Every structure is written in C-alpha cells, then in structure tokens.
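Trainee: I would like to learn how to read a protein model feature by feature. Could you take me through one, giving the general idea before the particular case?

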Amino acid sequence: MYWNADVECMPVEKMKELQYRSLKNLINNLYNSNKFYHDRMKSAGVLPDDIKSLADVRKLPFMYKQDLRDNYPTKMFSVPNTEIVRFHASSGTSGKPTVVGYTENDLAYWTEALARSLTSIGIGKGDAVQISYGYGLFTGGLGLHYGVEKVGAAVVPTGTGNTERQIELMQDLRVTAIACTPSYLIHMNDVASKMGIDISRDTCLKKAVLGAEPWTESMRAKIESTMKIKAYDIYGTSELAGPMFTECEERNGFHIGSDMMYVEILDPETGELLENGQKGELVVTMLKKEAFPMIRFKIKDITSLTEETCACGRTSPRISRITGRSDDMLIVRGINVFPSQIEYTLMKIPEIGNQYMIEVTRVGALDHMKIMVELKPEMFRDKVADMMHLKTRIEVELKKHLEIAALVELKAPGELPRFEGKAKRVIDKRVM
C-alpha cells in the first residue's frame, strides 16, 4: 500500500530534479535571511550561485550538533518565534538541551512522512495503535501520535511506565499495533507472562513499530517468535524531526522521503562520498523544514545507502539498519547519553574527585546504567548516613541533566582502575 504513490514511486531522475529545485530555493533563502547559515557559507567561500546541481551540495559546509548548543535556544531559527507552533528538546552534553522548533508546515511534513511509513507496513483505518514512547519534549510519542491519526487509525496514548495498566488497555481496547522501544516491548511481554497473559493468545496485537535504541535481527526474531507479531524498525533523530521513516513490508532498510531529505554517506575519516552499499557516516540535508533548516548535518550514525528500487515498488533510497556511531554516545532506554554530559554534571559536585566509570548492563529486557565515582580524600566518610545522602544527591543531579535514572556507586580514592593513555570511562555489558 502507498500513502502518496506519485511521490513514493516517482522516477529517480524526476525526484532528483525536484530535490535540486528544493535545495536551490533553500540555500537562496537561508543565505539571504539566516545569519548563521549566511556566515557559515561566507566562511566556506560558497555563494548560492555556486550550487548548480544536486552534486554541488558537497560544496556546502557541514553542520554539527555543537552548533545547536552554541546557538541555544533559537538563534539558528529561520522564522520568528511567533510562527513556531511547537518546541521539542533533547538533553545536551553541558547542561543545556538542544532545542528544535516547528512551524505548522513543519509538523505537516513530519506527519506526512509518518503517514507514508505507517501505510507501508499496513497500518491504517481500523487499527488501534498503542504509543508507549515518551510524550513531552521527547519527539517519539507526539511524532507517532499525529502520524497514526493521519492514516485514520485510533491512538492509545499510554506513554511510558505503568506496564500492567498498559497490558490491560492493550486487551480491553483491542490494540493491533504498538510503538515503543524494543527493550520495553520485551519487558512488557515478561510482565504479561507474570500476570498470566499470553500476548500472542490473549490480545489482538499484530505489529510493533520499534526504535529509539539499537536492536538487532536476533532481537527481532526473539520478539516475533515469542509474541507472534511482526516487528518493524523506525528511524529518526530529535534534530531532524523525531521518528520519520520505517522499513516497509520487505524489511530491507528505511525508506527515505527524498522530497523531504537529501542523504549522503561519507567516510568518517576522510569525508569522501561513499558508493552505494558502503558503510559510513550519515549526513542529512532537510529540504523543506522552515523553522529549523539543517544543511549537511552530521548525525554520527553509521549506515549504508541503496538507491535500487525496492521490491515493494518504492523508488525512494533506503538506508540500512544503524550499526554504530562515529562518536561515543550511548543510547540507554531510548535516551541519548554522552559520557561528556555525565562528566560535566559530576564535576560540578564538589565532593567528587576526577575518576569515574560508566557501566551499562541489560537486566531482563531493560537497560540499567551505573555510574561509579571516586570521592575526594577529604570527602570520604565512614558515616553511612552521610554517604547515602551524598549518593542520593548525585543521583538526583544526574537524572535532572540526563533525563534518565542512573544508580550511583561511591568509591574510595584510588579504588577505580587506572589506564595508560586514554582513560576507559565506559563499560557496555549489553548483549544485543
């Protein structure tokens, strides 16, 4: 099924002509009306007239996540705040979040992308979709919410947590599809079993739209064999517009809406453009965003691109499942966590010394993060009450900045291991 067959099955050359026109208009507008992009292009020695073909996008300078932090909260926006109808934000590495704004048209394009994606996996009128992603500043919940409504399905906006109640609603409202992280779906299945409920037998659940954290084909196989449903991957980032693109029924890569996004895959070391099928760093240009345009944004995700027409009939290019990052970001329960973000928070607490380690494990289906910190010699106490109070205070500070709970373990000075050369800060014990 197609939501917009004229676009989704458009001949490749015709689509590239459309992309070029959109890129040209975008660059002209930004150069003349957006100080950040004007200055960035001027520094790179690039003028709008230099963009004479789609390939000339590579003449344009890159954009980095640090740019969002340096221009917090709205200095990079291309429209006045009076035209913003929604803000979303994700946690930043130095205490400040990265903020993205949306105009009414931006939300319409985002919803259109999700309508295409959901239709490609057979979700539409007659379905009831339970959204167990977080609502609020996180883009997952609200993004899927409007996409589901657009295709005519019913939304069950449960958000996260209260798992037993979610399972009851899944039964009572005859939910046919769920959108959440893969680890939460496995956890939900475990809780259902303890309640004496077999999701494959006692519910109407048939499909799952899973994302916001890395997962593998083996995890997909586990979910499908135990729950007797079909699991589909979904991709997006907070900076672009949250979740946007899913696999289709063929489940052979994410279909990218070429009328909305231009994709490059570059060698992370050299910056050279890679051929189809080669793994590299994903670089994205958003062609239609009004409030917060993004030109050659380096996402840091590692993937590959194929431009062959899919067996489903869609001519849009596909990116493969994300296999890693070109930086040190961790994804814990769907939340992006940077070690530098943790370090920034810890170093503001006067009792803590210079040594810390981050340990991420998976207990059952859920991720757990433990942060081990050494105290300064003069701060280490034998009094249990003092240590428990300090431990709680550190955990509260971390949750405030990370937007996820972490267990803190206090260590005596010199107790954590030392390493020659680069310190080893992260131990990821998860087995995907």
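Predicted model: local features only at pLDDT ≥ 70, side-chain atom pairs only at ≥ 80, totals over all residues.

Trainee: What are the numbers of helices and strands in the protein, and how does its radius of gyration compare with the globule rule?

Mentor: The protein has 12 helices and 21 strands. Its radius of gyration is 23 Å, close to the 22 Å that the globule rule gives for 432 residues, so the protein is as compact as a globular protein of that length. Along the principal axes, its C-alpha atoms fill a box of roughly 70 × 60 × 45 Å.

Trainee: What share of the residues counts as buried, and what share of the contacts with a separation of 6 or more is made by residues 24 or more positions apart?

Mentor: Of the 432 residues, 54% count as buried. Residues 24 or more positions apart account for 65% of the contacts that have a separation of 6 or more.

Trainee: How should I read a nonpolar core, and how many residues does the largest one have?

Mentor: The general idea is that in soluble globular proteins nonpolar side chains tend to be buried together. Here the largest nonpolar core has 68 residues, and L60 and V263 are those with the most contacts inside it. Helix α5, residues 104–120, gives the largest share of this core, with 6 residues. If we leave aside the neighbours within four places in sequence, L60 is in contact with L23, I27, M41, V46, I51, I295 and R296.

Trainee: Now for helix packing: at what angle do α2 and α3 pack, and how far apart are their axes?

Mentor: One reads the angle between the two axes, and a value from 65 to 115 degrees counts as roughly perpendicular. Helix α2 and helix α3 (residues 35–44) pack at about 100°, with their axes 6 Å apart, and the two helices are therefore roughly perpendicular to each other. On the α2 side the contact is made by I27, L30, Y31 and S33, and on the α3 side by K35, Y37, H38 and M41. Sorted by class, this contact has 5 nonpolar, 2 polar and 1 charged residues.

Trainee: At what angle do the axes of α7 and α8 cross?

Mentor: The axes of α7 (residues 163–172) and α8 (residues 182–194) come within 10 Å and cross at roughly 85°, which makes α7 roughly perpendicular to α8. From α7, the residues T163, E164, Q166, I167 and M170 meet Y184, H187, M188, V191 and A192 of α8. The classes in this contact are 6 nonpolar, 3 polar and 1 charged residues.

Trainee: Where is R251 found, and is it buried or partly exposed?

Mentor: R251 is found in the loop between β8 (242–246) and β9 (254–255), where its phi is near 50°, a positive value in a residue other than glycine. At 25% relative accessibility, R251 counts as partly exposed. E403 also has a positive phi, near 65°, and is found in the loop between α12 (384–402) and β20 (407–411); with a relative accessible area of 43%, E403 is partly exposed.

Trainee: Finally, how do sequence distance and spatial distance compare for Q19 and S53?

Mentor: The two distances are read side by side. Q19 and S53 are 34 residues apart in sequence and 9.8 Å apart in space, C-alpha to C-alpha. Q19 has its place in helix α2, residues 12–33, and is buried, with a relative accessible area of 6%. Leaving aside neighbours within four places in sequence, Q19 is in contact with L54, S258, M261, Y262 and L287. For another pair, S78 and R251, the C-alpha atoms are separated by 36 Å, and the residues are 173 apart along the chain. S78 lies in the loop between α4 and β1, and its contacts beyond four places in sequence are L30, N34, E290, A291 and P293.

Technical notes. Residues numbered from 1 in each chain as written. Heavy atoms only, no water. Axes fitted to C-alpha atoms, helices over the stretch in contact; angles between N-to-C directions. Helix = DSSP H or I, 4+ residues; strand = E, 2+ residues; numbered from the N terminus. Parallel < 35°, antiparallel > 145°, perpendicular 65-115°, else oblique. Contact = heavy atoms within 4.5 Å. Nonpolar A, V, L, I, M, F, W, Y, C, P; charged D, E, K, R; others polar. Core = buried A, V, L, I, M, F, W, Y, C linked by side-chain atoms within 4.5 Å. Buried < 20%, exposed > 50% of the residue type's maximum accessible area, 1.4 Å probe, protein only. Rg over C-alpha atoms; globule rule 2.2 N^0.38 Å.
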